Amino acid sequence: MSEIRVRFAPSPTGPLHIGGVRTALYNYLFAKKHGGKMILRIEDTDQGRFVAGAEDYIIESLEWCGIKFDEGVHIGGAFAPYRQSDRKAMYQQYALQLIENGTAYYAFDTPEELDALRKKYEAKKETFQYGPKTRKGLKNSITLSKEETQQLLENGNHYVIRFKIPENETVTVNDIIRGEVKVDSSLLDDKVLYKSDGMPTYHLANIVDDYLMKISHVIRGEEWLPSAPLHVLLYKSFGWADKMPQFAHLPLLLKPDGNGKLSKRDGDRLGFPVFPLQWKDPKTNEISSGYRESGYLPEAVVNMLAFLGWNPGTEQELFTMDELIQSFSLERVSKSGAKFDLEKAHWFNHQFLHRKTNEELSVYLEKMLVDNHIVFNKSMLPAICELIKDRVTLLPDLLSQSKFFFVAPETYDEKVIQKVWKTETPTLLSEVLPFIENTNPFTAETFEKNIREFCTNKNIGMGMVMNPIRLAIVGTNAGPSMTHVAEILGKEEMIKRIKKGVEKIK
């Protein structure tokens, strides 16, 4: 196999959808599995849809996910520039090359004339297509003489260069995932390749750049499959058929119910992010949530995306990036769409959070405490993380599950009060305080031993004392092991909170 070179080529028209991240991930895994190169190319030929900040957002998103590039718009490389608008000057010569060999032509039809034609066809309940069946009746260099064509060009008339789809030909696309795909050329239209403003369309720039950058495999979303026959024809028209990359079209990411493609608009409407990072629209200032800011770990997002359309053929579900690289193959990518599963996304994140050391989790918790201006003892954080990690799904849960360690409750859950706070509770808690005071050393084991001894002496169940203690300490009846909470909070804080609870809870 010759050198593997793949590219991820997004357009800077807004935030990067997680479907795009998955495409980048599969390209990366494939390239690294085979010792190849990964290239980031920015395809900004559609200047009308350009969004400020989108390119930087794309780069930051992929870096957060751990997808590394060997060449690209942000790091350079032997095939620079990697931004299509910076390559603008080179595309005209390739468009003219197709004009000269007869596989493309100038078209001078105005947008108004084409709109009128479309409406005429719509009235007959037909669809207008600029192609083999219609081009001979339109204003182009096929129907005009060389002199007329030249005169229009010299006059500066608006024009486009269209590809001349061959008539009555079967176009074969060999796809690694889908096998052999055959398309009748009569179903294809004469796509615009180049405009008189000097900008190529996606189809021309894409093919030229892939050829010049020696791309060996084009791994992209299923939505590009209808364009693949045109791209095969372009390679042949340029005389590059022997250099044509292998194609692999990835399955769609579907909404959780499976009804339709998961789109950028679905975002927060469905209750989960569809972007890797938070995005603020520069035009509307509307903010869309991101996986990073929602508290997901990048390794969890990577695993989630890897499994949306691929499986390793084993029972293993949690992979490091290196393990994914070793296990990945395009042959195990599904043809059918993959439904997004929020519960599975949460499961992945919980698993990877649980894999973190207490010291690693403490770094996240410390930042949240600082950001929220909460006073804390740094030495307590690892023990707290150990106690709550089973209860954490997203990173913000670290704070919500542990806040009571740092801030004593000011209010108490009324439903819990009604359930656990009996007439005799204040007396029992006042009587248990000396037992707590005399607990030495103050550990989870000695605390539990003394409370159990107190309850035995009183001939009452442990719940009669421990449940009200939890309410006084935490403010509710949820939380980790109370004996371990006691050890972390310490004797003085426990006694202080119990006294406060007895005073305030009625």
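Student: In which helix is the place of Pro 382?
Tutor: Keep in mind that this is a predicted model. Look for the helix that covers residues 381-388. Pro 382 falls in that run, and the helix is α13.

Student: Is Pro 382 buried, partly exposed or exposed?
Tutor: Buried means under 20% relative accessible area and exposed means over 50%. Pro 382 has a relative accessible area of 24%.

Student: Which residues is Pro 382 in contact with, leaving aside its neighbours within four places in sequence?
Tutor: Start with Glu 360, which is 22 residues apart from Pro 382 along the chain, with 8.5 Å separating their C-alpha atoms. Contact is a separate matter, as it requires heavy atoms within 4.5 Å. By that test, the contacts of Pro 382 are Asn 358, Glu 359 and Ser 362.

Student: Which element gives the most to the lining of the largest pocket?
Tutor: The largest pocket holds about 1,100 Å³ of space and is lined by 43 residues. Ala 9, Pro 10, Ser 11, Glu 223 and Trp 224 lie nearest its centre. At least two lining residues come from each of β1, α1, α6 and β9. The most, 5 residues, come from α1.

Student: How many residues in the lining of the largest pocket are charged?
Tutor: Sort the lining by class. There are 17 nonpolar and 14 polar residues in the lining of the largest pocket. The charged residues number 12.

Student: Which residues lie nearest the centre of the second largest pocket?
Tutor: About 440 Å³ of space lies in this second largest pocket. Its lining has 8 nonpolar, 6 polar and 8 charged residues. Of the 22 lining residues, those nearest the centre are Pro 15, Lys 264, Phe 275, Asp 281 and Ser 288.

Student: Which residues touch the most other members of the largest nonpolar core?
Tutor: In soluble globular proteins, nonpolar side chains tend to be buried together. The largest nonpolar core here has 151 residues. The ones that touch the most other members are Ile 67, Phe 405 and Ile 451.

Note on methods:
Residues numbered from 1 in each chain as written. Predicted model: local features only at pLDDT ≥ 70, side-chain atom pairs only at ≥ 80, totals over all residues. Heavy atoms only, no water. Helix = DSSP H or I, 4+ residues; strand = E, 2+ residues; numbered from the N terminus. Buried < 20%, exposed > 50% of the residue type's maximum accessible area, 1.4 Å probe, protein only. 1 Å grid on protein atoms, 1.4 Å probe; cavity = no way out; pocket = protein on both sides within 12 Å on 5 of 7 lines; lining within 4 Å. Points joined across faces, edges and corners; volume = space filled by probe spheres on them. Nonpolar A, V, L, I, M, F, W, Y, C, P; charged D, E, K, R; others polar. Core = buried A, V, L, I, M, F, W, Y, C linked by side-chain atoms within 4.5 Å.
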